[in-house]
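Take a look at the model below. We will go from the overall fold to the core, and then to the ligand.

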Amino acid sequence: MEREKNVHEITIAGYKQIGQSNSVLPSDMVMSALECGGRVSIVDGRVRVAWRTGNGQFACSDDDYNHLVQRFEDTDQLYTFNKNNKPQLQTNDTFAEILGIDNVNPTSWEITSGGYVFRPVAKEEYEAVDIIRKKTFSLEGPTHQVYDIIEAIGGYIGGVFDSTNTLVAFTTVLPAYDEMLPNNQGFLLDMIGVSPEAQGKGLGQHAVKVVTYIAEALNKPWIKLTYDPLSSKLSGFYTGLGFQPITFYKDLYGEGYDRFLAILDLSNSSQKNRLVSDRSKWRGIR
Ligand SMILES: CC(C)(COP(=O)(O)OP(=O)(O)OC[C@H]1O[C@@H](n2cnc3c(N)ncnc32)[C@H](O)[C@@H]1OP(=O)(O)O)[C@@H](O)C(=O)NCCC(=O)NCCS
């Protein structure tokens with residue numbers, strides 16, 4: 001196959017290049033794909049993304065396949081999206097109790113606590129996610145295709161619903177591949193947003209605990225995320241949940257934003273014990 005000429009693969013510091021290219025995905029999502037071990041190429045001015053899936057393989061859209069496959073040495077590594085059935089959660093009553101979770105449905109992933117339900121968001125509810133995303137991150141742009149991709153690669157859009165079935169918080173979780181971390185495969189907690197009127201009631205903390213439960217229930221030994229090191233709120237929020245900042249990235253995306261990379265390592269008994277022993281400090285949903 002003849003190689004396309006105007007192609008270059010970009011790195012995590014390439015935010016600007018993505019912004020200046022033609023992309024069907026928002027730039028922050030393309031950077032998330034890179035953070036999860038994916039590969040991004042700009043081919044004739046157009047951004048093409050190969051996502052890293054839950055089993056460590058690469059997956060892309062039908063449209064991107066022909067442009068990307070020639071960049072991969074072993075062509076077998078690249079697949080077009082193949083949406084699999086959601087795996088069942090391996091339930092763990094003790095861990096659920098530690099995390100303050102009342103009930104878990106291993107098939108539907110419906111997890112209840114304190115009158116709130118955490119469950120994967122249905123397609124017809126994407127609009128409600130967009131509203132909170134806009135209020136909490138001031139982000140607009142194409143999202144529904146992104147949410148479909150997240151599902152197709154083995155991630156999920158999790159929502160917290162109140163007793164009237166109104167969405168009050170959301171999380172986007174992506175499978176992540178990282179050779180520096182145990183078992184190489186875990187989750188990236190990409191976004192968490194709590195509706196402004198519902199903030200400060202313990203819902204954000206609860207949502208992260210549920211994501212932690214799901215990671216454990218799927219044998220993912222770690223969750224990673226990045227946050228603004230200047231935010232004492234986020235620092236208190238994540239370290240209070242047992243996350244440990246392990247790396248400081250100066251200008252991570254080449255856009256002037258510094259970031260801490262923080263990990264919750266469930267395979268590390270001292271970090272897991274910390275999660276358990278800190279339970280007394282958690283105030284629950286209020
Ligand atoms: C960050 C966010 C998810 C937290 O959710 P929340 O429901 O408001 O937070 P919680 O009530 O669960 O708070 C848990 C802990 O976070 C910290 N925290 C929360 N709000 C805080 C504030 N305004 N100032 C300082 N610390 C704060 C505290 O340690 C708190 O524990 P405590 O209540 O025992 O003191 C939410 O505020 C949000 O959506 N912010 C906008 C989007 C965002 O920044 N997302 C994260 C991007 S990395």
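What percentage of the 286 residues in the protein chain are buried? The figure is 40%. Keep in mind that this is a predicted model.

Start with the fold. The protein chain holds nine helices and 14 strands. Its radius of gyration is 19 Å, close to the 19 Å that the globule rule gives for 286 residues, so the chain is as compact as a globular protein of that length. Along the principal axes, the C-alpha atoms fill a box of roughly 60 × 40 × 35 Å. Among contacts with a separation of 6 or more, 57% join residues 24 or more positions apart.

The largest nonpolar core has 74 residues. Val-30, Val-49, Trp-51, Leu-189 and Ala-207 have the most contacts inside it. H7 supplies the largest share of this core, eight residues. Domain 1 (7–80) and domain 2 (93–283) both contribute residues, so the core lies between them. Look closely at Trp-51. Leaving aside residues up to four places away in sequence, Trp-51 touches Ala-33, Gly-38, Phe-58, Ala-59, Cys-60, Ile-149 and Ile-153.

Next, the ligand. The shell around the ligand has 19 residues, of which Gln-199, Gly-204, Gln-205, Gly-236 and Phe-237 come nearest. H8 gives the most, with four residues. By type, the shell divides into seven nonpolar, nine polar and three charged residues.

Technical notes
Residues numbered from 1 in each chain as written. Predicted model: local features only at pLDDT ≥ 70, side-chain atom pairs only at ≥ 80, totals over all residues. Helix = DSSP H or I, 4+ residues; strand = E, 2+ residues; numbered from the N terminus. Rg over C-alpha atoms; globule rule 2.2 N^0.38 Å. Buried ≥ 20, exposed ≤ 12 C-beta atoms within 10 Å, placed from the backbone. Contact = placed C-beta atoms within 7 Å. Near = placed C-beta within 6 Å. Nonpolar A, V, L, I, M, F, W, Y, C, P; charged D, E, K, R; others polar. Core = buried A, V, L, I, M, F, W, Y, C linked by C-beta atoms within 7 Å. Domains from an automatic or database assignment.
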